[in-house]
Amino acid sequence: MPHISALPGIRYDLGHVGSLSNVIAPPYDVIDAQLQQALYDKHPANVVRLILNREEPGDNEQENRYTRAARLLKQWRRDGVLFSESQPAVYVYHQTYTWEGVEYNRRGFMCRTRLEKFGEGTIYPHEETHGGAKADRLKLWKACRANLSQIFGIYPDAENEAQSLLEEVIAGQPALEATDHLGVVNQLWPVTDVATITALQAALRGRPVYSADGHHRYETALALRDELLPNGADDPEHPANFVLMMCVSMSDPGMVVLPTHRLFR
């Protein structure tokens, strides 16, 4: 497993947005024009305005969807719509969903992960990437200087040792909760206990992690790091050396892997 650590995340203030269900969105690459408009209409601070701001008439180099996203991010932080966590945390994340009449609860955690080139360390890809998508994300990340959506990584852990450490800590604790447009219930718990985070790092040491989703975002993070830090080793703790990642055990009971069918002509 690559080096992981806690981070002071940026979260919505419920006093400003009410229900988190109003402001969440799926990954940018599954949002079509109809869903984009529905998310725009749902709340003026829906995160779609950051991850997939729409194009407007008259857009140019100085005013475009990337600069608008950066401006909104700055404005929301200034106005208190978003706030920074007071302590570094690992974020336990549950998703409860139904497939073929059976309810599943997929459990994982979000953390700061040190970047490595695919295959040169312990982080591995499973698909090829496309230049256009990476160029799009690079423009957004350069404008916002923030990880606006996490990489989805899976790792081998037959006994679910790592996740169990976190589940013990959050047992009985209230969760931040949001239901998305598909009816999936998303729950989040910040874990700041240093001993637990240290034990989590130890439990994951030596394990590989595979990118299940987010290859373009991961390679974008690498490109941004190399652009900002051409001599990255000179500042190993610079934020550009890390990316936000959600980690899920391959043996988690809530992990359902479905086939993808593609037709080649």
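A cavity is a set of grid points where a 1.4 Å probe fits but cannot get out, and helices are DSSP runs numbered from the N terminus. In the predicted model described here, two cavities of 30 Å³ or more are present.

The second largest cavity has a volume of about 40 Å³. Its lining is formed by Ile-51, Leu-52, Asn-53, Arg-65, Tyr-66, Asp-136, Arg-137 and Leu-140. Two or more of these residues are given by each of two elements, helix 4 and helix 5. Helix 5 provides the largest share of this lining, namely three residues. By class, four nonpolar, one polar and three charged residues surround the second largest cavity.

For the largest cavity, a volume of about 40 Å³ was computed. The residues that line the largest cavity are Ser-21, Ile-24, Ala-25, Pro-26, Leu-39, Lys-42, Thr-179, Asp-180 and His-181. Four of the residues in this lining are nonpolar, three are polar and two are charged.

Helix 4 and helix 5 also take part in an open space, the second largest pocket, to whose lining each supplies at least two residues. The space in this pocket amounts to about 190 Å³. Its lining consists of Glu-55, Asp-59, Asn-60, Glu-61, Asn-64, Arg-65, Tyr-66, Thr-67, Lys-139 and Ala-143. Here helix 4, which spans residues 65-79, makes the greatest contribution, with three residues. Charged residues number five in the lining of the second largest pocket, alongside three polar and two nonpolar residues. Arg-65 and Tyr-66 line the second largest pocket and also line the second largest cavity.

Two packed helices are described by the angle between their axes and the distance between the axes. Helix 5 (residues 131-144) packs against helix 8 (residues 215-228) at an angle of about 55°, and their axes lie 9 Å apart. The two helices, helix 5 and helix 8, are therefore oblique to each other. Helix 5 passes helix 8 in a right-handed crossing. On the side of helix 5, the contact is made by Ala-133, Lys-134, Arg-137, Leu-138, Trp-141 and Lys-142; on the side of helix 8, it is made by His-216, Arg-217, Glu-219, Thr-220, Ala-221, Leu-224 and Glu-227. The contact of helix 5 with helix 8 comprises six charged, five nonpolar and two polar residues. Arg-137 takes part in this contact and also lines the second largest cavity.

Definitions and conventions:
Residues numbered from 1 in each chain as written. Predicted model: local features only at pLDDT ≥ 70, side-chain atom pairs only at ≥ 80, totals over all residues. Heavy atoms only, no water. Axes fitted to C-alpha atoms, helices over the stretch in contact; angles between N-to-C directions. Helix = DSSP H or I, 4+ residues; strand = E, 2+ residues; numbered from the N terminus. Parallel < 35°, antiparallel > 145°, perpendicular 65-115°, else oblique. Left-handed = near helix turned anticlockwise from the far one by under 90°. Contact = heavy atoms within 4.5 Å. Nonpolar A, V, L, I, M, F, W, Y, C, P; charged D, E, K, R; others polar. 1 Å grid on protein atoms, 1.4 Å probe; cavity = no way out; pocket = protein on both sides within 12 Å on 5 of 7 lines; lining within 4 Å. Points joined across faces, edges and corners; volume = space filled by probe spheres on them.
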